[in-house]
Amino acid sequence: MITFNERNINNIKRPAFKGTGSNFALKAADLFLKSQENLSSTRFIQDTATNWAPKAIFSRSKADFAEMSFLEFLESGIFYFAAPLLGEKLFRNKIFNKFQPNVFRKVVNDQIPHTVEQITKNPVLTEEIKKRAISTKAGIVLACAIVPVAEYTLSFAKNLFTLKTFKKSNFNNIANLDKNKNEKEDKIQQQRVEKNSKKQLKKAAIISAAGIGLGAILALNGHKSDKALNIAKTILNPGEAIAKLVKNSGIKSDKLGKTLSKFSLDFANNNGKLALSKGQLALTAILGLLGYSKAAEDRGKLDVAEVWTRVPLVVFYTIFGSELFEKGFTKILEKKNAFPDILKKSSKGGFSTPTRAQLPKLAQQISKVKNTPFEKELARLTKEKAFISLVPYAFSLIFMGFTLSAITRLFTQYRYNKIVKDKTSNFNKDVYTKLPSVFKDFNYINQNVASFYNL
């Protein structure tokens, strides 16, 4: 049995889980928790696989598979790498940091991860440092407008990729909806897809460049003007400005005001580093939906219908659904008094669970109280923590991945079959109405003779 003392409690090493049977399951649970709480690269691989694999299984053609893969990998890259690479490493530490005089550079840069409220209420900071920090933060957010813009434009890049690679712009052909033969590609439609895609990509480049330029101006000069500083605060926390407008318009609802005021485009603070926040996630996901829809318009009504069948649910789940499902699941566990050592109420009224790194310390405390082996308690806590994380993850994989992908494709095929059936029916009606009257009379006589013999 491993023994510990209070001095090295924070340096507890996680024992390696080896062996077969239950130990194999324990090792798998530990690896799963590690993937859930690890850096962007691990989450990128995990979430891309979760979104990509179901669609890959239900892909309908080589073109469908290729453009879906193109979209999913680039989209995950935007979500998991854009904020830390652009916001943190490039704009904060390489570019915007150089805008400050040497005497202010370090202290201003240290304040960037903190919220506007934390900066303004910090008694140690001078007013000039506060203004410089807030204006620089807003400048970085403006410069990172490239992220939601890239998400919006990604669908147009996908259209161009499919057109250039597979010479296809007709969604019916890309999705292989006609199993017998493909529809003839329309050259005019292909030209429209190419022209609009290139137009959107150029527009995205201009907007991104403008965002970087305006962000640099704000970071350089925002601290010199109260008006510029107010603009900076609005950029970081637009929800507060929206809440004021709603209140001034005559809508008096404290609950609505509090909800709106929470909307922020500021970065999340990940141990002193800039990370994607929920507000940024919401903006990027919503613009992604609009981009999906506009790009689909160039390729046909069925593409638009498929987008609006699937993507709004994905966007809602991405922004709200995952958190709502996890909260609901933890409440069920709490009512059943399940996993009391892992699941505990936080000071804010919700529920919190220890991280994977905190489990050894918790296991050591429990083993002392219960006088049980440390390894046994750590194994139990690891399994319980994995179970709490695995159920929401499995829901996301099964429902948002496989089920939604399958249903979407079935609905698209159903719509296509219905359109073909309606066209055939209308064609037959048109042909019949254009027949000479003698053929109509013959058909009428033939039907009556048949009914006579049936009698």
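In this predicted model, the side chains of Glu 194 and Lys 198 meet in a salt bridge, with N and O 2.9 Å apart; a salt bridge is counted where a side-chain nitrogen of Lys or Arg lies within 4 Å of a carboxyl oxygen of Asp or Glu. Both residues belong to helix H9 (residues 187–221), where they are four residues apart, about one turn of the helix; helices (H or I, at least four residues) and strands (E, at least two) are DSSP runs numbered from the N terminus. Glu 194 is partly exposed, with a relative accessible area of 21%, and Lys 198 is partly exposed at 38%, where buried means under 20% relative accessible area, exposed over 50%, and partly exposed in between (1.4 Å probe, protein chains only). Residues are numbered from 1 along each chain as its sequence is written, and side-chain values use heavy atoms, with hydrogens and water left out. Because the model is predicted, local features need pLDDT of at least 70 and side-chain atom pairs count only at pLDDT 80 or more, whereas totals for chains, interfaces and linings use all residues.

By the salt-bridge rule, the count comes to 19. One of these joins Arg 380 and Glu 377 at 2.8 Å, N to O, and the two residues are separated by about one helical turn because they stand three residues apart in helix H16 (residues 374–434). Arg 380 is partly exposed, with a relative accessible area of 26%, whereas Glu 377 is buried at 4%.

Lys 137 lies in helix H6 (residues 127–143) and Asp 266 in the loop between H12 and E1, so the pair ties together parts that are 129 residues apart in sequence. Both Lys 137 and Asp 266 are buried.

The loop between H12 and strand E1 (268–270) also holds Phe 263, which counts as partly exposed at 32% relative accessibility. Together with Ile 242 and Leu 283, Phe 263 forms a nonpolar patch on the surface, with about 210 Å² of accessible area in total. Patches are made of residues with over 30% relative accessible area and no salt bridge, like charges being joined within 9 Å and nonpolar side chains (Val, Leu, Ile, Met, Phe, Trp, Tyr) within 5 Å; accessible areas come from the Shrake-Rupley method with a 1.4 Å probe, and for residues only the protein chains shown count as cover.

The second largest pocket has a volume of about 790 Å³. Of its 19 lining residues, Lys 262, Phe 263, Lys 278, Gly 279 and Phe 320 are the closest to its centre. On a 1 Å grid over the protein atoms alone, a pocket is an open set of points with protein on both sides within 12 Å along at least five of seven lines, a cavity is a set where a 1.4 Å probe fits but cannot get out, and lining residues have an atom within 4 Å of a point. Grid points are joined across faces, edges and corners, and a volume is the space filled by probe spheres set on the points.

The count comes to three cavities of 30 Å³ or more. The largest cavity has a volume of about 240 Å³, and among its 17 lining residues Glu 67, Lys 158, Tyr 292, Glu 306 and Arg 310 lie nearest its centre.
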